[in-house]
Amino acid sequence: MKYSLIVPVYNRREEIDELLESLLSQTYDSFEVVVVEDGSSESCDDIIKKYQDKINIQYFYKDNSGPGASRNFGMGKAKGDWFVIFDSDCLIPDHYLSAVDAYLVSNNVDTYGGPDKAHESFTNTQKAIDWAMTSYVTTGGIRGSDKSLDDYQPRSFNMGIKREVFDKVGGYGKIWPGEDPDLSFRIKNAGYSVGFIKDAYVYHKRRIDFKKFAQQVYKFGVVRNILSKWHKGTGKLVYAFPTLFLVGSSVCLILGIAVSWYLAIPVLLIAIIMFIEALITRKNLIIAFLAVPAAFIQLGGYGYGYLKSFIKIRLLGQDEKKAFASFFFK
């Protein structure tokens, strides 16, 4: 068997149901699915049973140890030559595996990644968050393309790894979030090649509201300094841009209130640019309006997390596992 699809799940019954349903229509049908229940209090075993006669599926329940360890567990049980990693909140278009197989037949790579998009069934908030996480205006295209301001790093919502790479590199670490760029760095350092498959996209739900989104991007900002410490030479100025945005926009707004509203104009211009870009790319007025607060949350949350971890880890020299203990599974 060539492909084993690895999906960790934690208390997301409805999501795993939707993901498995989306796999029924794959045009490439020689694959297995390995679902790893990561100590959920709401088991999805009854949902798995719905698909056992329709898909080649393995299901395992284990104690909670995080998504990275669950993916490692699943890859240890898988039979395929390639491990394809999905998050449970993804929907997989019917051409996905066909696109992957066609690319891998023509390109000799050891691991790959692909982009993510917003499905038409997603809420406007989810679509606005999707824009904020993939737009060149907000992220420099780091997450959605191999042509970005930084070296492309596959993400574990849509990532493929050869079995031999997993055996050599050792899979995901115990940090979360940040376990996927950590693995990508180790794969690159081991001399393996990485490909980007534009047509192998998934529909990724991400966070369902702005509060959860803010918590997520804050964590992304925190772990970036941890990863830069672990992997020498990977720290890039582009990672500090959200912090510069946070500080600069805060200063402009404070001066705009305290001195003159003219001083807040730069923030207004940035918001207008975001709105126009989102309107052009998403072609929806509501999504364009929601994209502006989504972008400010994305940049502000990430920038705050990055600044906080920079001070604690880089300036004060604190141990990351003590300073941010909740980011590590034991």
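**Figure 1. Asp-89 and Arg-12 form a salt bridge, with their closest N and O atoms 3.8 Å apart.** Asp-89 sits in the loop between strand 4 (82–86) and strand 5 (90–91), while Arg-12 belongs to the loop between strand 1 (3–9) and helix 1 (13–23), so this pair ties together parts that are 77 residues apart in sequence. Welcome to the structure, and please keep in mind that this is a predicted model. Arg-12 also forms a salt bridge with Glu-15, and here the closest N and O atoms are 3.3 Å apart.

**Figure 2. Within helix 8 (residues 179–189), Arg-186 and Asp-182 are four residues apart, about one turn of the helix.** An α-helix has 3.6 residues a turn, so residues three or four places apart point the same way. In this view the two side chains form a salt bridge, and the closest N and O atoms lie 3.4 Å from each other. Back at the site of the opening view, salt bridges that share partners join Arg-12, Glu-15 and Asp-89 into one network. Across the whole structure there are 13 salt bridges.

**Figure 3. Helix 8 is mostly covered, with eight of its 11 residues buried.** Which residues of helix 8 are buried? They are Glu-179, Asp-180, Pro-181, Asp-182, Leu-183, Ser-184, Phe-185 and Ile-187. Several elements surround them: the buried residues of helix 8 pack against helix 3 (67–77), helix 7 (163–169) and helix 9 (210–230), and also against strand 6, strand 8 (158–162) and strand 9 (194–196). Following helix 8 comes Gly-191, which has a positive phi, near 90°.

**Figure 4. Thr-111 is a buried residue of strand 6 (residues 111–113).** Its relative accessibility is 1%. What does Thr-111 touch, not counting residues up to four places away in sequence? The list is Trp-82, Met-159, Gly-160, Ile-161, Ile-187, Ser-193, Val-194 and Gly-195.

**Figure 5. Helix 10 (residues 241–258) and helix 11 (residues 265–282) have axes that come within 8 Å and cross at roughly 125°.** The angle makes helix 10 oblique to helix 11. By class, the contact of helix 10 with helix 11 has seven nonpolar residues, one polar residue and no charged residues. Which residues meet here? From helix 10 come Phe-245, Ser-249, Cys-252 and Leu-253, and from helix 11 come Pro-266, Val-267, Ile-270 and Met-274. Among them, Cys-252 is buried, with a relative accessible area of 19%.

**Figure 6. Tyr-304 is a partly exposed residue of helix 12 (residues 285–315).** The relative accessible area of Tyr-304 is 45%. Leaving aside neighbours within four places in sequence, Tyr-304 is in contact with Tyr-218 and Leu-246. The C-alpha atoms of Tyr-304 and Val-247 are separated by 9.0 Å, and these two residues are 57 residues apart along the chain.

**Figure 7. Cys-44 is a buried cysteine, at 0% relative accessibility.** How far is the sulfur of Cys-44 from the closest cysteine sulfur? That closest sulfur belongs to Cys-90 and is 15 Å away, too far for a bond. A disulfide is a covalent bond between the sulfur atoms of two cysteines. To count as one here, the two sulfur atoms must be within 2.5 Å, and by this rule the structure has zero disulfides.

How values were computed
Residues are numbered from 1 along each chain as its sequence is written. This is a predicted model: local features need pLDDT of at least 70, side-chain atom pairs count only at pLDDT 80 or more; totals for chains, interfaces and linings use all residues. Side-chain values use heavy atoms; hydrogens and water are left out. Buried means under 20% relative accessible area, exposed over 50%, partly exposed in between (1.4 Å probe, protein chains only). Axes are lines fitted to C-alpha atoms, for helices over the stretch in contact, and angles run from 0 to 180 degrees between N-to-C directions. Helices (H or I, at least four residues) and strands (E, at least two) are DSSP runs, numbered from the N terminus. Angles under 35 degrees count as roughly parallel, over 145 as roughly antiparallel, 65 to 115 as roughly perpendicular and the rest as oblique. Contact means heavy atoms within 4.5 Å. Ala, Val, Leu, Ile, Met, Phe, Trp, Tyr, Cys and Pro count as nonpolar, Asp, Glu, Lys and Arg as charged, and the others, Gly among them, as polar. A salt bridge is a side-chain nitrogen of Lys or Arg within 4 Å of a carboxyl oxygen of Asp or Glu.
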